[in-house]
Amino acid sequence: MPLRRKPSHLLLHTQVPARVTESFILSGYRFPDYSFLECLLSAFQPTNETGNFWTHFLAVFVFALSFLELFFTRDSTPSFSDPFFYPLWNYVIGVFGLLLASSMAHLFNSMSLLVREICFFVDYGTISAYTVGSSLAYFYYIHPQTAAPGNASSDPWQPLRGVGFFDTLYIPSACLVAVICTLACCSTRRRWRKYRYIIRTFVFLLPFTVASAPIFYRLYAGPLNGTLAPFFYRHCFWLLASAVFNVSKIPERFSPGKFDIWGHSHQWFHCCTFMSILDELRMIKGEIRWLSAVTDPAAELPLAAATLCSTYGVMFGVQCCIGGIISAFAVWASGDHREKAVDVNHRKCS
């Protein structure tokens, strides 16, 4: 199908619907009626979404290369059939889902206003699913009861065993928070638009806090394997930096129009969030190597082994809940767009 416009035909913020505009971004907009092919071609054109696409699409390959390092480690090579690695594969699924959904949302959101809404509903859902994948990895690799494998007599976590939080409430809490975050973020596309960036940023501090509970406890009571603390602190630094960029809209706030194509805050937000994921992966890999280095092959971790149900089953269940939320908001948005189209036609006729 032939293109309907010149590739260089980009618009100002005053020439597109208000719902498409971003704060302090004055130009580089695509009108929301692009075809699928036009969206693909726009990845190679200087629009205000080009950098948003590439910062997470290229990150997919960087993450894959970093993950593949595990396959060259003799004692901790991941296996699809080994239950020990089930949480790791779920974490990887969550990260790939987040990066791909984010990049595709920024690439294809100009097909229509409705498609734009659905793209970002999916984007929010995959972020929530990623937090559950992280929680599964933390539960099985950084869980307090994995801290002293084969050495229960000196286990500093013995008093914690009677509490039951990590065993019974940690994963359900992470799943519940993921669902709440999806609901909240999808809702900001319909209301509270003035404060949408603040709400979305602080909403995702909640799953970080819940998911990081085992790490906070390990940092407080030990023992540490030498890599947990530095990688976690770096992970937190990059998350904090990403939150600052997302809320403050720096640098474009101080020079509207100058950073429309390259260098605006959302691109830095993407870069910082990906750096946090890389350090999180390094932290998880360090814990896996540490657990794999147990000298006594007969030693068992006091924590129950991962199963298909407790890992893939949990992730599938969360994905179904998130999918239901996205579908509900998509139907809601479709109804709104249909009503607006009817109203516009009625005004033209009258």
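**Aromatic pairs**

I searched the whole structure, a predicted model, for ring pairs, and the search returned 27 aromatic pairs. I describe each pair by two values, since a pair of aromatic rings is described by the distance of the centres and the angle of the planes.

I looked at F36 and F108 to begin with. Their ring centres are 4.9 Å apart and their planes meet at 10 degrees, so I logged the pair as stacked. The cut-off I needed here is that planes under 30 degrees apart count as stacked. Where do the two residues sit? F36 is in helix α1 (residues 36-42) and F108 is in helix α3 (residues 86-108). The pair therefore ties together parts that are 72 residues apart in sequence.

Are these two residues buried or exposed? I checked F108, and it is buried, with a relative accessible area of 11%. F36 is partly exposed, at 49%.

Next I took F208 and F232. Their ring centres lie 6.3 Å apart, with the planes at 10 degrees, so this pair is stacked too. F208 belongs to helix α7 (residues 205-211) and F232 to helix α9 (residues 228-248). I noted that this pair ties together parts 24 residues apart in sequence. F232 is buried, with a relative accessible area of 2%.

I also found a cluster. Ring pairs link F44, F53, W54, F57 and F61.

**Charges over rings**

I then looked for charged side chains over ring faces. R30 lies over the face of Y34, at 5.9 Å from the ring centre. R190 lies over the face of W332, and there the distance from the ring centre is 3.6 Å.

**Overall make-up**

I stepped back to the whole protein chain. How many helices and strands does it have? I counted 11 helices and zero strands.

I checked burial next. Of the 350 residues in the protein chain, 49% are buried. The chain exposes about 16,500 Å², and carbon and sulfur atoms supply 70% of that area.

I also asked how far apart in sequence the contacting residues are. Among contacts with a separation of 6 or more, 75% are between residues 24 or more positions apart.

**Helix α4**

Is α4 mostly covered or exposed? I found it mostly covered, with 23 of its 29 residues buried.

**T182**

I looked up T182 and found it in helix α5 (residues 165-187). Its relative accessibility is 0%, so T182 counts as buried. The cut-off for buried is under 20%. What does T182 touch? Leaving aside its neighbours within four places in sequence, its contacts are Y124, G125, S128, I322 and I325.

I went through the backbone angles. Most residues other than glycine have a negative phi, and most peptide bonds are trans.

I flagged K249, which has a positive phi near 60 degrees. K249 is in the loop between α9 and α10. It is buried, with a relative accessible area of 6%.

Which peptide bond is cis? It is the bond from I250 to P251, with omega near 15 degrees. P251 is also in the loop between α9 and α10 (265-292).

F24 sits in the segment before α1. At 27% relative accessibility, I put F24 down as partly exposed.

**Confidence**

The mean pLDDT of the protein chain is 85, and 83% of its residues reach 70 or more. Which stretches fall below 50? Residues 147-163 do, and beyond near neighbours in sequence this stretch has 25 contacts in the model. Residues 295-299 are below 50 as well, with two contacts beyond near neighbours in sequence. My caution for such stretches is that where pLDDT is low, the predicted coordinates should not be read in detail.

How values were computed. Residues numbered from 1 in each chain as written. Predicted model: local features only at pLDDT ≥ 70, side-chain atom pairs only at ≥ 80, totals over all residues. Heavy atoms only, no water. Helix = DSSP H or I, 4+ residues; strand = E, 2+ residues; numbered from the N terminus. Buried < 20%, exposed > 50% of the residue type's maximum accessible area, 1.4 Å probe, protein only. Contact = heavy atoms within 4.5 Å. Areas by Shrake-Rupley, 256 points an atom, 1.4 Å probe, with all protein chains shown as cover. pLDDT = per-residue confidence, 0-100. Phe/Tyr/Trp six-rings, centres within 6.5 Å; stacked < 30°, edge-to-face > 60°. Lys NZ or Arg CZ within 6 Å of the ring centre and 35° of its normal.
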